[in-house]
Structures are given as structure tokens and as C-alpha cells.
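Here is a short briefing to read alongside the model. Please have the coordinates open as you go through the topics.

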Amino acid sequence: MGAADRVILYREALNEALCNEMRRDPGVFIMGEGIAERGGSYKVTAGLLDEFGPQRVIDTPIAEASFTGMGVGAAITGMRPVVEILFVDFAMLVMDQVINQAAKYRFMTGGRGRVPLVLRTQGGVGDGLAAQHSQSLEALFYHTPGLKLVMPSTPGDAKGLLTSAIRDDDPVVCIEHKLLYLSEGEVPAGEYAIELGRADVKRSGGDVTVIAWSGMVPRCLAAAEHLAASGIEAEVVDPRSLVPLDRDTILASVRKTEHVVIVQEAVRRGGVASDIASIIQAEAFDYLDAPIEILAGRDTAIPYNKQLEQACIPQEADIVAAVRRAVYA
Amino acid sequence: MLPKALLTRMYRTLYTIRAFETSSIQLYRRGLIRGYLHPYAGEEAIAVGVCAALGEDDYIVSTHRGHGHCIARGGRLPEMMAEIMGREPGYCRGRGGSMHISDIDTGNLGANGVVGAGIPLGVGAALGAHIRGEDRVAAVFFSDGASNNGVFAESLNLAAIWNLPVLFVLENNQYAVSTPIEQSSRDTDLHHRGAAYGVESCAVDGNDVVEVYERAVEACARCRRGDGPVLVEAVTYRQGGHHVNDPGQYMPADRVAHYRERDPLVVGKRHLLEEGATEDEVAKLEAEVEAEMEAAIAFGEASPEPSVEAFVAELEAS
């Protein structure tokens with residue numbers, strides 16, 4: 001922990017990134033539902049209205065497609081909008097603007113146009129929010145050329161990645177996790193940027209590489225401590241940014257441990273874990289001592305009931321079991 | 001009446017757009033253009049009248065039927081021709097084509113392949129200018145078809161609650177591809193929709209460039225006073241099907257004939273002659289435009305195709 005680091009909440013770290021960037025660049029403005037007066041459902045934007053006023057901290061009606069499209073139009077014409085979509089589930093309402101407009105504009109203009117837009121949203125299973133407020137939909141954005149995608153798992157990463165996302169000249173989707181907003185961590189004070197496309201080794205270990213992002217990272221770290229007690233040292237690699245993806249850090253870890261478990265909250269089919277597995281088998285096949293284990297959410301919508309909900313998502317015990325399978329295979 | 005110089009300039013642009021569309025259809029038939037091509041023939045007065053009312057710093061947002069908007073906003077013919085032929089010197093380096101031409105230099109955010117999708121882009125451009133404290137209007141062109149898409153209603157409301165300087169230009173050509181407006185709207189006077197959002201709205205004859213221009217001037221002035229947005233419904237008719245390969249057989253012959261009599265070029269030329277121009281002057285102007293068009297076509301045909309190797313290298317570097 002550096003001298004300037006303090007322990008703050010994930011939501012506070014995001015707030016610092018927004019606040020610093022708005023101070024630094026008058027082109028940065030934010031809009032979304034209930035983000036101004038109310039400070040956002042998760043208090044990420046608390047206090048920003050007071051400092052920056054209603055011109056740059058804008059409460060919108062429930063018109064996701066159009067206010068996201070406005071973000072795209074403002075970005076094309078020189079602003080750096082940060083548009084908040086309350087739940088990633090609601091991002092389905094804005095997919096034309098994100099996929100057909102924002103992601104393609106630079107390409108379609110032969111490189112003359114830029115869309116420095118950030119789409120902030122949050123996903124994942126929470127506490128009984130059921131099928132339309134609990135999804136993990138990163139694969140939809142991951143699949144689309146022209147978009148960058150970050151999914152911070154710690155307060156420090158949240159601040160550093162959001163800062164870089166705002167400064168980036170291309171559209172960046174930032175998917176936060178609803179269960180992480182109240183998590184604590186060390187965060188550098190002042191300006192702090194993490195280059196997009198740099199993975200972080202959250203825990204070192206020589207026996208198995210566990211790749212996870214967003215809400216699965218703390219769970220994998222807890223599982224790793226459990227495994228250490230029985231002599232298995234897991235290396236937990238958090239890509240942090242899924243697009244661009246830091247292949248080098250992932251592959252270096254795989255070459256060291258020769259065993260791989262990829263843990264994702266999203267359903268397995270067509271998911272990011274499968275793509276990372278395909279990269280590993282293509283680039284490091286000779287190093288693998290066992291088949292790659294993918295531990296993913298079940299192939300279902302998220303149920304309301306607590307026991308059913310938990311049964312759909314990898315839990316700590318599932319991760320421990322998956323690692324044991326991989327190591328002893 | 002408007003000054004002769006302005007009428008001359010507007011007629012020249014009307015004629016340029018028509019010549020561009022006539023040429024592009026011929027080039028399509030010759031196999032020099034691929035994909036979709038949506039001619040603006042018959043609707044020229046709308047783009048010309050609106051763009052003549054805009055200032056240099058203003059924005060426009062175009063549609064899939066976008067050649068006319070680009071030309072009226074000052075787009076360069078050689079780069080347009082090169083683009084629709086898919087050549088490297090084109091506006092989008094051959095990556096965009098007819099449906100994606102944009103021209104950031106003239107404030108043209110671009111055509112769009114998704115009906116209605118450009119509407120919020122224009123409102124966003126106006127929002128950005130508003131935040132920066134700049135005096136800029138965004139003219140958003142869209143169709144009767146787009147007015148049945150959700151983003152039209154959302155964007156009209158958003159622009160209204162924030163008093164944004166947006167000129168919503170509803171080009172009512174009375175068809176969504178082949179579906180006539182009577183089948184998709186109970187009230188076919190589409191400008192009536194503005195009132196529900198508290199937006200100043202009116203209808204104009206979309207084939208009369210002078211009428212469009214005068215209404216657009218009023219609407220822009222209103223936007224610049226901070227009393228925007230404004231919705232202008234310009235009623236018009238296509239001189240053909242939805243795209244180059246659609247013969248438009250569903251379009252009744254009597255309506256086609258009615259609107260051909262009210263061809264925007266005929267109307268525009270009449271205004272010009274009434275203001276003292278001679279047939280010789282008009283013929284000279286038309287010949288100049290034809291020569292420009294020939295030069296643009298020659299530029300396009302002589303332009304190199306994009307290099308696949310360079311394209312792949314760019315992708316791998318990004």
C-alpha cells in the first residue's frame with residue numbers, strides 16, 4: 001500500500017474517477033436515470049451534481065435507446081459522455097446504438113470519426129433480483145468488433161479502468177458488479193489510470209491458473225485460500241479488461257502452472273471463458289497437463305429463490321472442486 | 001421573393017443531387033456500384049431548403065437515402081462518387097458505401113443504415129453544443145417510416161425537455177419501403193405528433209424548395225433563441241421505388257404523375273425564372289453541373305480499390 005493509497009469502497013472509487021475526469025476535461029459529462037439528484041441507485045454519482053451542475057450531470061427519462069444514442073452523437077462531435085445504464089439487462093434496449101452505431105462509426109467513416117463514449121452499467125447476480133436484473137451479458141459486447149470492455153473486480157481497478165475508459169477515443173463498455181459496490185480496497189488518491197488490456201495477477205501460485213473477472217474474482221481468491229490449506233497454490237489472474245485481452249499475462253501463467261480453470265458467472269454457451277480456453281489451447285497446448293476446466297453459470301435464467309439462485313452461479317465450493325479436478329486430472 | 005443569387009444556388013444544388021442520382025443509377029447498372037442504393041430523386045427540395053437555412057457550424061444527420069443531404073451540406077462529389085464505387089479515396093475509404101457516407105468537416109454526422117437510428121445522434125450533437133455553450137443547430141433528417149420507431153418519440157421528448165436546438169426534418173415520402181403511410185399511421189399528418197411532446201410543429205410542401213427554406217429559417221431562428229426543438233414535416237414522394245432494384249409497382253400511377261408535375265426541380269426552376277433568370281442562364285448552370293458530375297465519375301472510376309493487404313494489416317495492428 002503506497003503512501004497515497006487509502007481503503008475506500010468500489011462505488012467511491014468509481015465516483016473519484018468520474019469526478020477527477022470531469023475536473024480535468026470539460027468535455028466529460030454523465031447522464032442516466034436518477035444519477036443527478038439521487039446520485040444513482042448505487043450512489044456512484046453522489047455529489048457530482050453539486051460540483052458540476054445539471055448541464056454535465058444529467059437525469060434522463062426512461063429512454064435508454066435515445067439517451068445512449070445522444071451519447072454517441074455527442075461523442076462524435078467532441079464530447080466524452082459517460083452514459084449509465086442502470087442494469088446490463090436494460091442494455092438490451094440500446095443495442096442498436098451500441099453495436100450498429102457506436103462500435104462501427106470509426107470504421108464506417110474510414111477512420112475519420114471517433115466515438116469516445118463510455119457506457120457504464122452493472123450486472124451479475126445480486127440478492128434476489130431475479131431473471132431481468134441479474135444477468136451476466138459481457139459476451140454480447142465481447143463479440144462485437146469496435147467495442148472495448150472492462151469489468152473491474154476491485155476498487156482500485158474500478159478507478160483506474162474507468163479513468164482510462166473515459167480517456168479512450170473508442171467506445172468502452174464498463175460492466176460493474178452489483179455485489180462489489182460496497183467492497184473495500186486500496187485505491188491511489190488523485191489521478192489514477194490503468195492501461196486497458198493489462199491483466200492483474202491477484203494472487204500468485206505455481207500449481208494452477210484460475211482465470212476470473214468481476215464478481216468471480218473475490219470468490220476465486222477465497223477458494224484459493226481454502227486450497228492453499230491443502231497444499232494447492234492457485235494463481236488467480238484477473239484480465240480486468242476483456243477487450244483488449246492481455247493474452248501474454250494469461251499465457252505466461254498457464255506455461256508456469258500447466259493447469260487452468262476459468263470461472264465465469266455468465267452461462268457457458270458462447271461465453272468469454274470458452275474463447276479464452278480456445279486461445280490457451282491454440283497458444284499453449286504443449287504446456288497443458290490436463291484439460292482446461294470451465295466453471296460457468298448454469299444454462300438458465302436467474303431464479304428468484306435464494307437457494308435456486310445460488311445453484312446457478314459458481315460458488316466457492318464449486319471453484320475448489322473444479323481446481324481439484326484440474327490439478328488431479 | 002428570395003434573392004436571385006440564393007435561388008440560383010439552391011437550384012444548382014437541386015440539379016446536382018438529381019444528376020448525382022441519375023448518374024449513380026447508371027453506374028449501378030454498369031456494375032460499378034454494389035449493394036444498396038437509395039435514390040433521393042423527388043425529395044431534393046427538402047435537403048436543399050433545410051441546408052440553405054443552416055449556418056457553417058451547424059450539424060446534420062442523414063439517412064440511408066442520404067446522397068442529397070451530403071451534397072446539400074457541401075459534400076464533395078468526387079469523394080462521394082469514389083465512395084459509392086468502393087474506392088480508397090472515397091469519404092470512408094471504401095469501407096462505408098452509399099449508406100454510410102459522412103463528412104465530419106461539413107458537420108455531416110453521416111448517413112445511417114438503420115431507419116431512425118440517426119435521430120438520437122443528432123439530438124446528442126445538439127446536447128454537446130448546448131453544454132459547450134456554442135450556437136449550433138442540429139438538423140436531423142428522417143423519414144415517415146422512422147417516425148414509427150421508438151427513438152423518434154424518445155428523442156422528440158428528450159430534445160423538448162432540454163429545449164435543445166434540434167430541427168427535426170420529417171421527410172414524409174409516404175412509404176416505409178413499400179408499406180404506404182395509410183397502413184402504418186391512423187393520423188397521416190405526422191407533424192401532429194409534435195404537439196403531444198410540446199414541440200412546435202408544422203407541415204410544408206416538401207417539393208417546394210422556397211417553402212422548405214423559409215420554414216427552416218424560422219425553425220432555426222427559434223432554435224437559436226433557445227426555444228427549440230422544432231418538428232417540420234416535409235410532404236413529398238419518391239420518383240421511384242425504395243432502392244435502385246425496386247420498380248415501385250405498388251406506387252399508384254396517378255400519384256406518381258401528380259408528384260412528377262410537382263417535381264422539385266420544376267418548382268425550383270420556376271422560382272428562379274420568376275426572379276428574372278433566363279433559360280440560357282439555367283441551361284448554362286445545368287451544363288456546368290453535368291461537367292462537374294462527369295469529372296466526379298471519372299475521378300471515381302480512376303480511383304484505386306483499397307488494398308486488402310493494407311486492410312488486414314490495419315486490423316492486426318489495432
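A crossing of two helices is left-handed if the near helix is turned anticlockwise from the far one by less than a right angle, and right-handed if clockwise. With that in hand, note that α3(A) passes α5(B) in a right-handed crossing. Helices (H or I, at least four residues) and strands (E, at least two) are DSSP runs, numbered from the N terminus.

This is a predicted model, in which local features need pLDDT of at least 70 and side-chain atom pairs count only at pLDDT 80 or more, while totals for chains, interfaces and linings use all residues. Residues are numbered from 1 along each chain as its sequence is written, and chains are lettered from A and ligands numbered from 1 in the order in which they are written.

**Where the chains meet**

- In the interface, 28 residues of chain A are in contact with 28 residues of chain B; two residues are in contact if their C-beta atoms, placed from the backbone, lie within 7 Å.
- On the side of chain A that touches chain B, the elements giving two or more residues are α3 (64-76) and α4 (95-108) of chain A.
- The largest share of that side of chain A, 10 residues, comes from α3(A).
- By class, the side of chain A that touches chain B holds 12 nonpolar, 13 polar and three charged residues. Here Ala, Val, Leu, Ile, Met, Phe, Trp, Tyr, Cys and Pro count as nonpolar, Asp, Glu, Lys and Arg as charged, and the others, Gly among them, as polar.

- The axes of α3(A) and helix α5 (residues 118-132) of chain B come within 6 Å and cross at roughly 60 degrees. Axes are lines fitted to C-alpha atoms, for helices over the stretch in contact, and angles run from 0 to 180 degrees between N-to-C directions.
- α3(A) and α5(B) are therefore oblique to each other: angles under 35 degrees count as roughly parallel, over 145 as roughly antiparallel, 65 to 115 as roughly perpendicular and the rest as oblique.
- From α3(A), the residues S66(A), G69(A), M70(A), G71(A), V72(A), G73(A), A74(A) and I76(A) meet P120(B), L121(B), G122(B), V123(B), G124(B), A125(B), L127(B) and G128(B) of α5(B).
- That contact of α3(A) with α5(B) divides into nine nonpolar, seven polar and no charged residues.
- α3(A) has 13 residues and reaches 18 Å from its first C-alpha to its last, close to the 18 Å expected at 1.5 Å a residue; the expected span is 1.5 Å times one less than the number of residues.
- α3(A) is mostly covered, with 13 of its 13 residues buried. A residue is buried if 20 or more other C-beta atoms lie within 10 Å of its own, exposed if 12 or fewer, and partly exposed in between, with C-beta atoms placed from the backbone.
- After α3(A) comes G78(A), whose phi is positive, near 110 degrees.

**Helix packing inside chain B**

- The axes of α5(B) and helix α6 (residues 150-161) of chain B come within 9 Å and cross at roughly 15 degrees.
- That makes α5(B) roughly parallel to α6(B), and α5(B) passes α6(B) in a left-handed crossing.
- I119(B), P120(B), V123(B) and A126(B) in α5(B) meet V151(B), F152(B), S155(B), L158(B) and A159(B) in α6(B).
- The contact of α5(B) with α6(B) has eight nonpolar, one polar and no charged residues.
- In α9(B), the buried residues include V209(B), Y213(B), A216(B) and C220(B).
- The buried residues of α9(B) pack against α1 (4-29), α2 (44-53), β3 (166-172), β6 (200-205), β7 and α11 (264-274) of chain B.

**Backbone details worth a look**

- A cis peptide bond joins V243(A) and P244(A), with omega about -5 degrees; P244(A) lies in the loop between β12 (241-243) and α8 (247-257) of chain A.
- In chain B, a cis peptide bond joins G228(B) and P229(B), with omega about 0 degrees; P229(B) sits in the loop between α9 (209-227) and β7 (230-235) of chain B.
- A130(A), a residue other than glycine, has a positive phi near 70 degrees. A130(A) is partly exposed, with 14 other C-beta atoms within 10 Å.
- S214(A) is not a glycine either, yet has a positive phi of about 55 degrees. S214(A) counts as buried, with 28 C-beta neighbours inside 10 Å.
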